[in-house]
Amino acid sequence: MDSAALKEAEQIYPRIFPSGYSLLVIRNGQLVSESYFNGQTAETPNHIYSVTKTFVATLLGIAVKQGWIDGVDQRVADLLPEYSVHPKFAELTLEDVLTHRSGIRSSRGSADITLMLEGEPQSPPGTAFEYSNIAPSLITAILDRLAKEGVAGDKSDVSGLAQEYLFGPLGIGVSEWNKGSNGVPDGANGLHMTTRDMARLGYLLLRDGRWEDKQILPMGWVKEASKYRVEFDRQKGYGYLNWVRRQSDIVQTAQGDIEVQGYFAYGHRGQFIGVYPELDLLVVTMADATDATRDTYFVPDLLHDFVRRFVFSAVKQSNNPPGQK
């Protein structure tokens, strides 16, 4: 990548995002840029907010790979048989939860599994997008139940399962994972880690679920998870607990024009993992989520605009194709 263009990106980022904590750029498997701001360091863990959702979707993919779950078309009621389910939730599937089409009322405010499943749906499952910060906890509850059934050996809860099959293999150090009212880790928010740890998830996705010599996720899982499945606004839509750019960008490189789609994990006010497979590129940021001047609904589009204008330009000015530094 072009070092001068990268340097400009490092300098521009804190001006556009004064509450930013970090900026990492990884290209062709190499960490080519790493900057920290506002007293942060590579060792500082922070709450990653809704990026937690993408970690949870990845854990579900691991459950499919291990054979604990048949697939995303399985019904939630079948996987949580101990709970009473409203008749209209009988056909609720994992894919409905992954794509925020569960029909669970977002106004409930609590990730209590009983309240979620016994209440009447806001809309029929699988029909309408309604972003939810409670429904993904159905997935952690399912994984926790599987762990307690012994599918992961001596790992008796979802935290132990995640450590054994995801965090440990990737070298991710989770400093905290907030729990919900039922004592199970929150499926929508609550993970705390460093920027480099977030980048490890991004790299797993960039490599189609492979880490070093081990296939962590099922073949084809990442492709399915990063598909544009549900419309949100003019800029983006939704896949499996991650966001997908609605329109591609054309990046001019020395090797010719490359059409770049891109998808990303996003957490409140600036936690971001941008994955751009066509360029073999990751862009990862963290930010101060208490900065009320940053409207969380516009920040992901601002971040993409920053990547498009300043990071893609470093690729454009480089003579190195994907696969080379």
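The expected span of a helix is 1.5 Å times one less than its number of residues, and helices (H or I, at least four residues) and strands (E, at least two) are DSSP runs numbered from the N terminus. The model is predicted, so local features need pLDDT of at least 70 and side-chain atom pairs count only at pLDDT 80 or more, while totals for chains, interfaces and linings use all residues. Residues are numbered from 1 along each chain as its sequence is written, and side-chain values use heavy atoms, with hydrogens and water left out.

**Exercise 1.** Decide whether Trp 221 is buried or exposed, and list its contacts beyond four places in sequence.

Solution. 
1. Trp 221 belongs to helix α9 (residues 221-225).
2. Its relative accessibility is 9%, so Trp 221 counts as buried.
3. Contact means heavy atoms within 4.5 Å. Apart from neighbours within four places in sequence, Trp 221 touches Ala 57, Leu 60, Gly 61, Val 64, Val 72 and Tyr 240.
4. For Gly 61, 160 residues away along the chain, the C-alpha separation from Trp 221 is 6.8 Å.

**Exercise 2.** Classify the packing of α2 and α7, and describe the residues in their contact.

Solution. 
1. Axes are lines fitted to C-alpha atoms, for helices over the stretch in contact, and angles run from 0 to 180 degrees between N-to-C directions.
2. Helix α2 (residues 51-66) packs against helix α7 (residues 158-170) at about 90 degrees, with the axes 11 Å apart.
3. Angles under 35 degrees count as roughly parallel, over 145 as roughly antiparallel, 65 to 115 as roughly perpendicular and the rest as oblique. The pair α2 and α7 is therefore roughly perpendicular.
4. The contact of α2 with α7 has eight nonpolar, two polar and no charged residues. Here Ala, Val, Leu, Ile, Met, Phe, Trp, Tyr, Cys and Pro count as nonpolar, Asp, Glu, Lys and Arg as charged, and the others, Gly among them, as polar.

Note on methods:
Buried means under 20% relative accessible area, exposed over 50%, partly exposed in between (1.4 Å probe, protein chains only).
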